[in-house]
Amino acid sequence: MSDLPVKEQPNLRPICPHCDQPIDCLLSKKMKSNFLSAKVVYCCPSCKKVLGFTDRKSWLAG
Ligand SMILES: [Zn+2]
């Protein structure tokens, strides 16, 4: 994966794999946070299904 070239596509409209709707934005919700990390879940605005998570270290995110 990391060997593949990445082609930037500013006009690309991602499609939700769950409901096949174009995604213009993501819904996010902070699931759990403490002084070390904050878990954020990202959802499709159309069907609310989960598209991804991040686990941010608060000391890195500032
Ligand atoms: Zn969806």
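How accessible is Lys39: buried, partly exposed or exposed?

A: Lys39 counts as partly exposed, because its relative accessibility is 33% (buried is under 20% relative accessible area, exposed over 50%, partly exposed in between, with a 1.4 Å probe and protein chains only). Bear in mind that this is a predicted model, where local features need pLDDT of at least 70, side-chain atom pairs count only at pLDDT 80 or more, and totals for chains, interfaces and linings use all residues. Residues are numbered from 1 along each chain as its sequence is written, and side-chain values use heavy atoms, leaving out hydrogens and water.

Now for the partner. Lys39 makes a salt bridge with Asp55, with 2.9 Å between the closest N and O atoms (the rule: a side-chain nitrogen of Lys or Arg within 4 Å of a carboxyl oxygen of Asp or Glu). Lys39 sits in strand β2 (residues 37–43) and Asp55 in strand β3 (residues 50–57), so the pair ties together parts 16 residues apart in sequence. Helices (H or I, at least four residues) and strands (E, at least two) are DSSP runs, numbered from the N terminus. Asp55 is partly exposed as well, at 40% relative accessible area.

That rule gives two salt bridges. The other one joins Arg13 to Asp24, with the closest N and O atoms 3.1 Å apart. Arg13 and Asp24 both lie in the segment before β1 (27–33), eleven residues apart. Arg13 is partly exposed at 47% relative accessibility, whereas Asp24, at 63%, is exposed.

Then there's the metal. The zinc ion takes its protein donors from the SG atoms of Cys16, Cys19, Cys44 and Cys47, lying 2.3 Å from it (donors are N, O and S atoms within 2.8 Å of the metal, or 3.2 Å for Na, K and Ca; with no water among the atoms, sites may look incomplete). Their angles run from 105 to 113°, so the arrangement is tetrahedral (four donors, all angles between 85 and 135 degrees). Along the chain, the donors are spaced C-x2-C-x24-C-x2-C. Cys16 comes from the segment before β1 and Cys44 from the loop between β2 and β3, so this pair ties together parts 28 residues apart in sequence. Cys16 is buried at 0% relative accessible area, and Cys44 counts as buried at 0% too.

Note on methods
Tetrahedral: all angles 85-135°; square planar, octahedral: opposite > 155°, others 65-115°.
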